Amino acid sequence: MHSDLRRLDLNLLVALDALLRRRSVSAAADELAMSPSALSHALARLRVALDDELFVRIGNAMQPTAHAERLAGPVSAALALLSNGLAQAGRFDPATSDRCFTLAATDYTTFAMLPALVAQVQDLAPRLRFQIVHAQNQDYAEDLASGRLDFALGYVEDMAEPAPGIESFDWLTDHYVVIASRDHPRIRSAPSLDAYLAERHVAVRPWGEAGGHIDKLLERRGLRRDVAVQLPSVLAAPFIVAGSALIMTAPRQAARTLGAVASIVEYPPPFEIPPFTLKAYSHVRQRSAAHAWLREQLLRAIPL
């Protein structure tokens with residue numbers, strides 16, 4: 001055992017982990033349900049115990065020192081392992097638990113998942129909480145392994161080969177449709193392939209990639225569509241389509257729900273697009289009764 005560990009209050013590691021992730025005393029204090037002054041006191045004790053400044057203020061953010069950066073991975077992994085061990089040792093009672101599950105998702109996967117999931121669990125687990133974080137990229141392995149994420153949602157075609165320890169299950173399978181304004185000047189019925197390619201398109205690409213799944217399918221046929229508007233979010237797209245002559249190839253679940261508030265019509269696509277699968281990813285290190293329960297709720301809450 002390292003000599004520093006013998007004289008260190010292990011509760012301070014929880015504060016250090018929160019500060020390393022939040023880079024803000026107030027934000028870390030909110031996460032830990034403690035006052036900023038109490039967290040500042042904990043930071044002062046950490047600085048003495050570890051003989052390092054740990055954080056320096058640059059602008060409006062607290063930036064970790066080199067020593068703090070080196071501690072980030074081991075501290076996060078140790079806390080996740082301890083948390084997982086305690087969770088597995090105890091019984092998970094959804095009726096009384098106030099646990100917060102953290103899930104990573106794009107805005108569409110949040111849109112597809114959260115309403116049905118909240119409706120599913122509100123009576124079963126009235127005190128349960130969810131935190132949805134925006135999926136910044138397609139690599140969730142480190143956050144899942146550390147316990148910073150409980151589940152990450154992603155499409156099979158978007159995800160890289162899962163890292164060791166990552167496991168998944170199919171959550172939602174859906175189809176693509178073409179949507180256009182009800183007042184579109186040319187499209188009044190299912191478009192032919194020529195008509196589809198003659199129109200300009202809206203495309204949603206959460207990670208700013210040059211081409212998405214639909215573009216890749218067209219490229220295999222030696223075809224290319226004209227993307228007039230590229231968006232990082234699906235929520236604005238139907239309203240852009242409703243107010244213009246642009247068209248969009250979108251998940252049917254999103255098209256049907258958003259069609260209730262946007263003046264759009266859906267049509268079958270003029271070429272074969274395989275159904276897509278939304279998968280839920282987790283890490284074997286985080287297996288617990290709580291995770292098993294949430295997995296069951298996700299599978300029961302598939303939207304119709």
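Residues 24 or more positions apart account for 78% of the contacts in the protein chain with a separation of 6 or more. Contact here means heavy atoms within 4.5 Å. The model is predicted: local features need pLDDT of at least 70, side-chain atom pairs count only at pLDDT 80 or more, and totals for chains, interfaces and linings use all residues. Residues are numbered from 1 along each chain as its sequence is written, and side-chain values use heavy atoms, with hydrogens and water left out.

The protein chain has twelve helices and twelve strands. These are DSSP runs numbered from the N terminus: helices are H or I with at least four residues, strands are E with at least two. Along the principal axes, the C-alpha atoms fill a box of roughly 75 × 45 × 35 Å. Of the 304 residues, 41% count as buried. Buried means under 20% relative accessible area, exposed over 50%, and partly exposed in between, with a 1.4 Å probe and protein chains only.

**Helix α3 and its partners**

Helix α3 spans residues 25–32, and its buried residues are Val 25, Ala 28 and Ala 29. Seen down the axis of α3, they fall within an arc of 100°, so they line one face of the helix. The arc is that of the directions from the helix axis to the C-beta atoms. An α-helix has 3.6 residues a turn, so residues three or four places apart point the same way. The cover over this face includes α2 (11–22), α4 (36–50) and β2 (61–64).

The axes of α3 and α4 come within 9 Å and cross at roughly 105°. Axes are lines fitted to C-alpha atoms, for helices over the stretch in contact, and angles run from 0 to 180 degrees between N-to-C directions. α3 and α4 are therefore roughly perpendicular to each other, a label for angles of 65 to 115 degrees. Val 25, Ala 28, Ala 29 and Leu 32 of α3 meet Pro 36, Leu 39 and Ser 40 of α4.

α2 also packs against α4, at about 105° with the axes 10 Å apart. Leu 12, Ala 15, Leu 16 and Leu 19 of α2 touch α4 residues Leu 39, Ala 42, Leu 43, Arg 45, Leu 46 and Leu 50.

**Nonpolar cores**

A nonpolar core is a set of buried Ala, Val, Leu, Ile, Met, Phe, Trp, Tyr and Cys residues joined through side-chain atoms within 4.5 Å. The largest has 50 residues, and Ile 179 and Met 248 touch the most other members. Beyond four places in sequence, the contacts of Ile 179 include Pro 238, Val 241, Met 248 and Ile 264. A second, separate core of 22 residues includes Leu 8, Leu 39, Leu 54 and Val 75.

**Positive phi and a buried serine**

Most residues other than glycine have a negative phi, and most peptide bonds are trans.

| Residue | Phi |
|---|---|
| Ala 33 | about 60° |
| Asp 51 | near 55° |
| Leu 54 | about 70° |

Asp 51 sits in the loop between α4 and β1 (55–58), and Leu 54 lies in the loop between α4 and β1. Asp 51 is exposed, with a relative accessible area of 70%. Leu 54 is buried, at 0%.

Ser 282 belongs to strand β12 (residues 276–283). Ser 282 is buried, with a relative accessible area of 8%. Among its contacts beyond four places in sequence are Leu 144, Asp 150 and Phe 151.

Key
Angles under 35 degrees count as roughly parallel, over 145 as roughly antiparallel, 65 to 115 as roughly perpendicular and the rest as oblique.
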